[in-house]
Amino acid sequence: MADRTELYDRDESFAVNGRPDRPGRGAHHGSGHGSHLAPFRVPFIDGDKTLAQVTDEVCAPLERKSTLAWKATFAVAFTAMAIGVACVAYQIATGIGTWGLNRTVGWAFDITNFVFWIGIGHAGTLISAILFLFRQRWRTSINRAAEAMTIFAVICAGLFPIIHMGRPWLAYWMLPYPNSRGSLWVNFRSPLLWDVFAISTYFLISLVFWYLGLVPDLATARDRAKSPLRRRLYAIFSLGWNGSTRTWTRYETVYLLLAGLATPLVLSVHTIVSFDFATSVIPGWHTTIFPPYFVAGAVFSGFAMVLTLMIIARKTLRFEEYITVRHIEAMCKIIIVTGGCVALAYGTEFFTAWYSANGYERFVFLNRAMGPFKWAYWTMVGCNVLVPQLLWSKKVRTNVALVFVLSLLINVGMWFERFVIIVTSLSRDYLPSSWSGYSPTLIEIGTLLGSFGLFFTLFLLFCRALPVIAIGEVKGVLGYARGARKGAGQ
Amino acid sequence: MHLNAVDPNAGRAEAAAGAGEHAVSRRSFLRAAGFAFAGAAVAGCDRALTHRIVPTLDQPEGLTPGRALHYASTCGGCTAGCGIVAKTRDGRPIKLEGNRDHPVSRGGLCAVGQAMVLSLYDSQRLDHPTAGRERSSWADVDRTITQKLARIREERGAVRILSCSITSPTTRAVIERFLGSFADGRLVEVDALSASAILDAHLRTHGVRALPRYHFERAELIVSFDADFLGTWISPVEFTAGWRAGRVLDNHPHRMSTVVQVESRLSLTGAKADERIPVRPDEIAGLVGGLAGLVGARAGRRIVTGAPEADATLGDLADRLWRARGRALVVSGTNDAGVQAAINAVNEALGAYGTTLDIEEPSYQRRGDDSEVADLVGQMRAGRIAALLVHGCNPVYELPDALGFAEALEKVPLSVGFADRLDETTSLTSYDCPDHHPLESWDDAEPVAGVLTVTQPTVRPLRGTRALRESLTAWTGAGERRTDRDILRAHWRDHLFPRQSAHPTFDGFWDETVRQGFAVLAAERALRAFDSSREIPSPAARVGSGMALVLYPTVAMHAGQHAHSPWLHELPDPITKVVWDNYASLAPVTARSRGIEQGDIVKVTVGERRIELPAHIQPGQHPEVVAIPLGYGRMGTDRFAGIGPEWLQGRPTVERGQTVGTRAAGLAVLRDGAVQLPDVEVEVAKTRRRVNLACTQDHHQIEEPKEIGGERRPVVQELGFAAFEAGERPESHEEELRSLWPEDHPMRGHHWGMVVDLSACTGCSACVIGCQAENNVPVVGKDEVARHREMHWMRIDRYYADEAGRIETLMQPLMCQHCENAPCETVCPVLATVHSSEGLNQQVYNRCVGTRYCANNCPFKTRRFNWFDYRHEDRMENMVLNPEVTIRTRGVMEKCSMCVQRIQEAKHEARRLGTKITDGEVETACQESCPSRAIAFGDLNDPDSEVSRLRRDPRNYRALEEIEVRPSVSYLALVRPGSRGGRHG
C-alpha cells in the first residue's frame, strides 16, 4: 500500500512536472518548469511544500476524526436543514397559502432564493472553466471547493422551482416526455421551460466536470484509505485511475473539452434565468439589460460566496498555506470588477427608465428607490455598490476577517437585489387598484433558512469526504515562482 | 341515485339455469342458495331505495337531467319586488337572474338578490318551530298557540302583527282575516330602512299616506339630498335602470341627465353623481328649506313659509331646476317629515308630480310607520298587548335602543316570530315559527301600483318550515288548514282576476302570470292633488357643532337582513372596498387632526351610548361627519369564525363568541315620529388598539403616489360631455401599434368579446356576486382578503381622482380581458392557459401545476390562485354549486372564463337545432345581473352584434392599449355631463 502511494506520488509528480504542454505563466519563455520566472512573482502556495506534504495535508481532513468545530457547525447546519424540511413539508401539505404571497405578488422568497442560489452556483464553474481557459493558475487552490459549492447551490436552487408550484407532485409535467395525453406537450415559448433545460444542463455539466476533476484525487484517497469500506468506495468512484501518462493525457483532454463546454453555460444559465423576467410585460422585469446584468451579478455573488466559504475552510481545515491571502485578494479584485458591472447596470436601468419616457418604467424605478420597499433597495445598493468599493484598498483586501464580513454583506446585497427586482416590480405594476404589499411568513423564512442548512450540510459533508483542494492541480502550480529561487539557491 | 352492485336475482338465475339442465348437484345447489341468501341479506341491509326513485322511463315531462329549467319569480331580498328568473338544475335552484320583461326591475338584479340563492341553502336555517328557544313540532306549537289565541279572543286582548312592509295583497288579506278574528287586532308595519317621513309628508301634502313612484328615466336633472337611489334607497335596481335610461350615448340623439348629490358621506350615488356637495347631515333641512324658497321665488309664489337665506350654489341649483321643470326631480333620503314636505312642495312647483314622480299610482315598497311602532312599544311596555307576532323584521336589532323594544317585549304574554333562525328578536319571543325561504314558497307582491308579481317555489322546502299564511290560517278561527298555493290562488281568483280582461279563464290568467312572473293590472288610479291650502313651514335648520353621526345601509348588508350570507360579507363595499367588517368612516382631514389611522379602534360616543369600532378613512366625506354602516354585529355571525383556511398564521374571520362587525342601529333615535339620526354632538376618541381592516384595494388614487411621479394612469378614460359632443375621443394607440406579425389567432368562427360602458356602470357590484354564483367562486374569509387573496373573478376597481380639490370617483369593472396577445399564455410552461379558436383565454385547471407565472405576467391582475383547499364541507351549502363549472383544487390558477359553460350550452343547442347562435343568446353572468346594462357580450366577428356596434362607438378604448396585449374586453369611456372639457386618461 505504501508502495502504491509512493508509486502513485511518483507517477503523479512525474505527470505534473512532465506534462509537455501544461499551460503556465512561465511558458512563454519557452520550455522549462518555471525556472525563468520573474523574481517579483510570489508562489501560489506558501510553506515550501513538498509533493508528499501536499497529499498528506489535503487528505488530512478526510482521515482524521471530525473536530468539535466541524461537529458543532454540522449540527447547526443540519438543524437549519431540518427546519427547512419541516417548513416545506407543511407547505406542500397545506398549500402555497402558507407563504406570504398574494394575487399581485405571485413570487417572492421562492424565486428570490432560486435566483440567488443559481447566482451562487456561478462562481464554481467560472473558476474552474473560464479561469482555466484563461490560464489563471491561482484558481487551483479554490476550484474544487468552488465547484462543489456550485453543485450544492444548484441543488438548493433547483428545489425552489419545484416547491414553489401549487402542485409540486406534478413537477414532471415540465419535462417534454412522451405521454398518453394526445398532443399535450410542454410550452417551448415559456421561459420557465427554458429554465428547466438550462438548469438541468448546467447541473449535469457542472457535476461531470467536478467529478472528472475529482477522479485523480479520489484515487489518491483510495490509495491512502485504511478501512476496506472507504477504499472500496473510493475505488469505485476513482474509476480505476492508475496515474499513467496516458490516463493523465486523456484526462487533460477531457478536462479541457469540458471546460470549453461549461464556459458558455456559465453565461447561458443566468441569461436564461433573466429571461424569466426580461420576456415578461411587467415594468421593471421587461428589460433588455437583464442578461449581462444577471450574469455579472451572478459572478459577483458567486465570488462573494466562494470567499465566505474559503475563508471558513482555510481557517477550520488549516489550509492557510494553500488558500493564501493572495487568493483572497485575487477574488476581491474580481468582485470589484463584477461589482462595478452591477453598479453600472443599476445606473443604466435608471437612465433607460428616464430616457425611454415610458411612464410605467419610470415609475417602477422611482418606486424602487422611494416606494414602500425602499429599505430593500437601499440595502441592495449599500451592499452591492458601496461595500465593494472598500476593496480598492489593499489593506482591506488583505485583512481576511474584514473581507469575510464584506463577503457576507455582498451575499446579503445580492439576495436583496433579486428580492427588489421580483417583489417591487410585481407589487406595483399597471393598475393601481391591484397594488399590494408583501411580507414573508414564518414558513418562508424557515424555508430560506432550510436552504442554507442544506447547502452547508452538503458542504460540510463534502469537506469530510472528499479532498477540498485539487491535489493534482495544486501540485502543478507548486513550482510556480519557486523554481527561480530554488534554482538560485542551488 | 344508484343501484346496488349485487343483484339479488343473480342467484336465482343461476339456480334456474341449473334446473334447466336437470343436474342440480349438491355443490351447484349450495352455490345457488348461497347467492340467493347473500343477495337477500344485502337487500335486507340496503340503505338505498327507501324512497321512490324515478327511472327515466317515467321521466317527468319537460325534465331532462342536466338541462336547466327557468322559473320566473320575485326576489325576496328586500321589499322592492324585483323580478327574477330562477335557474334550476336537477331540481335545485343554482342561479338567480333578472327578469328582463319585469316592469319594475327591467332585468337587473342587485348583489343581495343574487345572493338569495345562497341563503336558501343555509344549513343554519331552522328545521322546526321553537317554543321558548327549544325545539318543538308544528302540531305542538299550533295546539298551544291556538289555545292561547282562543283565550285572547275571549278576553278581548290586543293582538298586533309587527311586520316589514307587506307588498303581498294575499298576505295582507290573510293578516286582515286573522286580525279580524280578534276584538283588537292591528297590523303595524316597520321598515328597518325607514321611509316613514316620505309617506307622512304625502299624507300632509296629498292627503294620502303613500310612497310616490319615482321615474328617474323621465328626469333630466336629479337633485338628491342624501338619497342613495343607485345603491340602497328603496328600490335601487329600479332606480338604476331609470337613471340609466336617462343617459344614452351610444344611440343618437345623445341623452345625458345630471345628478346633483347633496350628502354627508360618499354614497354609491354620490360616487356616480355629476356634481356632489358634501354637507353635514343636519344642514340638509336648511338647504332644502332654502331651495324651496328659491324655487318658490322662481315660480312666483311662496311654497314654504319662513325659508332661510340661501347661498349662490343653491341659487344656481334652483335656476337649473326651474329651467328643467317638468323634467326635474328632487328626492331626499332624510327621514324627517318636515324636510320631505318641503321636498314635495319643490317637486310640485317644478311640475314633477305626474312626470318624474307619481303619487297617483304609488309604490308600496315602503309602508312602514315609525310613529305607530313607537305607539306599539308604549302599549307593550304598558302590558296592553296580549299577543305580538313579528314577521319579516328583527325589531330588537333594527330599532333604536332608546325605544326599548326588547324590554317591552318581555311584557307581552304571547310573542311569536317567523324568522328562519333564532335571531335577536326570535330568541326573545315565546315561539318561532320559521317561514319558508322565498325561493321555496308561494307568494305574491304588488311593489308598485298595478304590477302584480308572483313568487313560485323553485324547490320543495328544504327545512321543516311553514309559510306565514299557512300558519296564520291555521291559527285563525277553527284551525282550518289550507295550502299556501290554495290560499294564494283563491285570493287571485277573487280579487285580482276580475281586474284584468285579457284572459277569459282564471287558470289561463294564473298560468300566464306564473309563467312570466308578473301581471300588469289596471291600478286603482286615484286623483291625488297637491293640497296647496296647507302651509308648509320651511324645515328648520338645526345645525349642530362638532361631529355629526351618520348611519347608513350598505349595498351588501342593507340593515342586517343578509348578515348570514358569506358571499355578501365578502363582497367588497363598492366605495370603501372593505369586507367582513363595519367601521367608523372619517374624512382624511378629520382623521389626521385626531391622529387616527385606518384600522385604529375608535370610541364613538353618542349621548349616553357608546360603541367601539375600527376607523376607516374615507375621502369625499364631510369633515364633521362620522359615518357608520348598519347591518353588522348580527347575532350568530360567529358562525363564520372558521370560514377561511386554517393554518399556522391564519387568523379567524371573527373570534368565537363575537359578531362580524358592530351593531350601530341602536344609536338612532325616534324624533318627530320617525327613526332619525341623533342630533347630538358625537365624540370620536382614539383607543390604543387597532385591527387590520380587510380591504381589497391598497392604493385608492388613479394617480401614482405624489412623491413618486404622481401621474394619472390611463386605465380609466374620461371625457366631458361637451368635449365629447365636440368630437373629442379617448386616447388611442391603435394606429401606432400596427403589428408586423401575422395574426396569432385568426378566429374565423366566433370571436367573443365584451364591452363595458363606464358611463353606465355605477359600481353596485351585482355582477361580482352574479359571477360568484355562476362560477362557484369560493369564499375565503377576512384574513385571506386582508392578505389580498380574494378569489372574485370579477372585481370593480374604485379610484379617486383629485379634481381641483374635489374627489371624483371612478369605477371600472375588471375581469380577465381575454387578450389576443395574452401575456399569460406564453409564459405557462405546461400550456395550462391557452387561446381558444374563438378568442377566449382558457384556463385548463387539471393541467395547471401552479407556477403563478401567468398571474405575475398579467398586466390586469385578474388571475386568482387557489392558495388553499377552500371549504366545501357544508353539504347543504354545496347544493348551490353550479354543476356546469368545476370546483378548483388547491394549487391551480383560475380566472374569468367569460362564462364559457354558457357559450358551450348555446353552441350545443344551436347545433342540435341546426341554427346559428344569435346575438344576445349567450349572456355572461355579470352582464345578465347588471341593473344598468353596462356590459355587452357577443361575437365580434358578427358586424351586427351589439358588442360589435359598441366596439365602433367613438368612446371605445381598450385598457393598457399601449402595451399591445389587445384585450377582447374594451371599455366605453366615462362621459361626465357639463362643460368640463378635457380628456383624462
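A residue is buried if 20 or more other C-beta atoms lie within 10 Å of its own, exposed if 12 or fewer, and partly exposed in between, with the C-beta atoms placed from the backbone. Keep that in mind.

Some ground rules. This is a predicted model, where local features need pLDDT of at least 70, side-chain atom pairs count only at pLDDT 80 or more, and totals for chains, interfaces and linings use all residues. Residues are numbered from 1 along each chain as its sequence is written, while chains are lettered from A and ligands numbered from 1 in the order in which they are written.

One more term. Helices (H or I, at least four residues) and strands (E, at least two) are DSSP runs, numbered from the N terminus.

Let's start in chain B, with helix α6, residues 196-206. How many of its 11 residues are buried? Nine are, so the helix is mostly covered. Here they are: Ser196(B), Ala197(B), Ile198(B), Leu199(B), Asp200(B), Ala201(B), His202(B), Thr205(B) and His206(B). What do they pack against? In chain B, the partners are the strands β8 (211-214), β15 (357-363) and β28 (674-676), plus the helices α11 and α12 (370-381).

Next, helix pairs. Axes are lines fitted to C-alpha atoms, for helices over the stretch in contact, and angles run from 0 to 180 degrees between N-to-C directions. Angles under 35 degrees count as roughly parallel, over 145 as roughly antiparallel, 65 to 115 as roughly perpendicular and the rest as oblique. A crossing is left-handed if the near helix is turned anticlockwise from the far one by less than a right angle, and right-handed if clockwise. Two residues are in contact if their C-beta atoms, placed from the backbone, lie within 7 Å.

First pair, in chain B: α3 (residues 111-120) and α21 (residues 766-774). Their axes come within 7 Å and cross at roughly 20°. That makes α3(B) roughly parallel to α21(B). The crossing is left-handed. Who meets whom? From α3(B) we have Ala111(B), Gln114(B), Ala115(B) and Val117(B), and they meet Ala766(B), Val768(B), Ile769(B), Gly770(B) and Ala773(B) of α21(B). By class, that contact has seven nonpolar, two polar and no charged residues. The classes work like this: Ala, Val, Leu, Ile, Met, Phe, Trp, Tyr, Cys and Pro count as nonpolar, Asp, Glu, Lys and Arg as charged, and the others, Gly among them, as polar.

The axes come within 8 Å and cross at roughly 155°. Therefore α6(A) and α7(A) are roughly antiparallel. This crossing is left-handed. Leu218(A), Ala221(A) and Arg222(A) of α6(A) meet Arg231(A), Tyr234(A), Ala235(A) and Phe237(A) of α7(A). The contact has five nonpolar, no polar and two charged residues.

Staying with chain A: how many helices and strands are there? There are 17 helices and zero strands. Of its 490 residues, 52% count as buried. Take contacts in chain A between residues at least 6 apart in sequence: 83% of them join residues at least 24 apart.

Now two loop residues with positive phi. Ala357(A) has phi near 60°, and it is not a glycine. Its loop runs between α10 (325-355) and α11 (359-370) of chain A.

Last stop: where the chains touch. Chain B gives 50 residues to the contact, and chain A gives 48. On the chain B side, β32 (795-803), α23, α24 (853-856) and β36 (864-865) each supply at least two residues. By class, that side has 24 nonpolar, 13 polar and 13 charged residues.
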